Amino acid sequence: IPVDPFDLVIFGGTGDLAKRKILPALYRRFCAGQMPGDAKIIGAARSEHDAEEYRAFAHDAIQEFSDPQACSEAGLTAFLNRLDYVTIDARGEDGWAELADKLTERRVRAFYFSVGPGLFGDLAERIHSHGMVTDDTRIVVEKPFGHDLPTARELNKTLAAHFDEGQIYRIDHYLGKETVQNLMAVRFGNMLFEPLWNSQYVDHIQITVAETVGVGGRGEYYDKSGAMRDMVQNHLMQLLCLIAMEPPAKFDPDAVRDEKLKVIRALGEVLPHHIVRGQYEADPEGPQAHGSYRDAVGNPRSRTESYIALKTHIDNWRWAGTPFYLRTGKRLKARSSVINVMFKDTPHSIFGDEAGRHANVLSIRLQPNEGITLQVTIKEPGPGGMRLIDVPLDMTFSETLAPEDADFPDAYERLIMDVIRGNQTLFMRGDEVEAAWAWTDPIIAGWEARNDVPKPYDSGSAGPRDAELLIQRDKREWRGIT
Ligand code: BG6
């Protein structure tokens, strides 16, 4: 179903995110017939370009980062014709009157702040002073939303001075991933799981987001952030919230976000020996021959982590006694994002110990190979007596669904369309982001005070050995990339 006509202004319109994600996502939605033919996309940036040059930029972005065949040649041209460009000075007055002139009356207006947070205040102020704010105006901001609690508060204050919370869309692209939304469908659309979804039946939960890529060209940003700020404070925290939250009364933005917030606020302290930080080593011989983390960020003495594993718990009635193990890292063995809900063993085996003891596992695979698998125990076929084995009840989407239904939109496609529709359910509220920082800040302060040095780990491995020990000490094992 097409969304209403809209004008979308992309500040930082010639930047990396616009090129890799925003423009390709808009293109695919246009080809899918979801973006109305009279929508306008206006790139805005400091560099001097005209609309033609911006279209050429978008054309290249689509060739490189999208499927150019998603539309016919005529469709591609029609999409490019929706693009316009304004040279703008975020900190001065140049370009603003021109931008205001280009906007259409009485339509949804979305301003995408695809720029560093240092410019949020300047942009917000000028959008206001140039009379561009209407009832249907929305702004979209990207992570990192602050560097810690004080800076996040400051950003929230800056935005709140110009916009209502209902107009602010803070993106965490993990919430736009198909399986992440499916996680809510599985939990709240089935009778089967809810009665078991608590510490009485769940032994522990593992959340893994493993990447094979390194820090790429983002060394300067990354070295000031590390895996905790870059991944745990936002993406892993969001996954944890969706897994652990109480059922919201409805699937509506504040009902969902209220429940997520309660989870973050109930997160327990993380003890120093429940955290393992790592940094990847060089791999000069491997297929993707590359230098070490320290080489990549150009800081031979860096103590920033490119890997983190930690154990935490949620201090509430439902989860008291069920540990949550989180891990994420770069340059690991495989790209694999998966949540494993590990159920407890049966209380007693009627088949005797030699039959083996087994536990159910619900695996929610975000990428690659999206799907959900429930591991169940059955009898090993054959005449060999009552021996038990584990088999997967498998809902790999590419096999279970028709091919056209298994071709999911990218997270950005979904999220940008939600902005236009005015649906904030999959966006973070200001208090959520602050609560997440309030949990991460003391953890980071702790290792800074201890002068903690991350453990080196081999590229292409499952991370530092200590991360194995972290979970093995509790007589458990990581599932997945190891
Ligand atoms: C980004 C992080 O938010 O998410 C990156 O800044 C990371 O460091 C990326 O690589 C992972 O996203 P995805 O969608 O590839 O899992």
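**Close-up 1. Phe6 stands opposite Val108 in strand 4.** This is a predicted model, in which local features need pLDDT of at least 70, side-chain atom pairs count only at pLDDT 80 or more, and totals for chains, interfaces and linings use all residues. Residues are numbered from 1 along each chain as its sequence is written, and side-chain values use heavy atoms, without hydrogens and water. Strand 1 (residues 6–11) and strand 4 run parallel and are joined by 6 bridges; strands are DSSP runs of E with at least two residues, helices runs of H or I with at least four, numbered from the N terminus. Two strands pair if DSSP finds at least two bridges between them.

**Close-up 2. Strand 4 also runs parallel to strand 5 (residues 137–141), joined by 5 bridges.** Tyr112 has Val140 of strand 5 as its bridge partner.

**Close-up 3. The side chains of strand 4 (residues 108–113).** Val108, Ala110 and Tyr112 point one way, Arg109, Phe111 and Phe113 the other, and all are buried (under 20% relative accessible area, 1.4 Å probe, protein chains only). Because 6 of its 6 residues are buried, strand 4 is largely enclosed by the rest of the structure.

Close-up 4. The residues around the ligand include Tyr174, Arg218 and Gln367 (near: a heavy atom within 4 Å).

Technical notes
Buried < 20%, exposed > 50% of the residue type's maximum accessible area, 1.4 Å probe, protein only.
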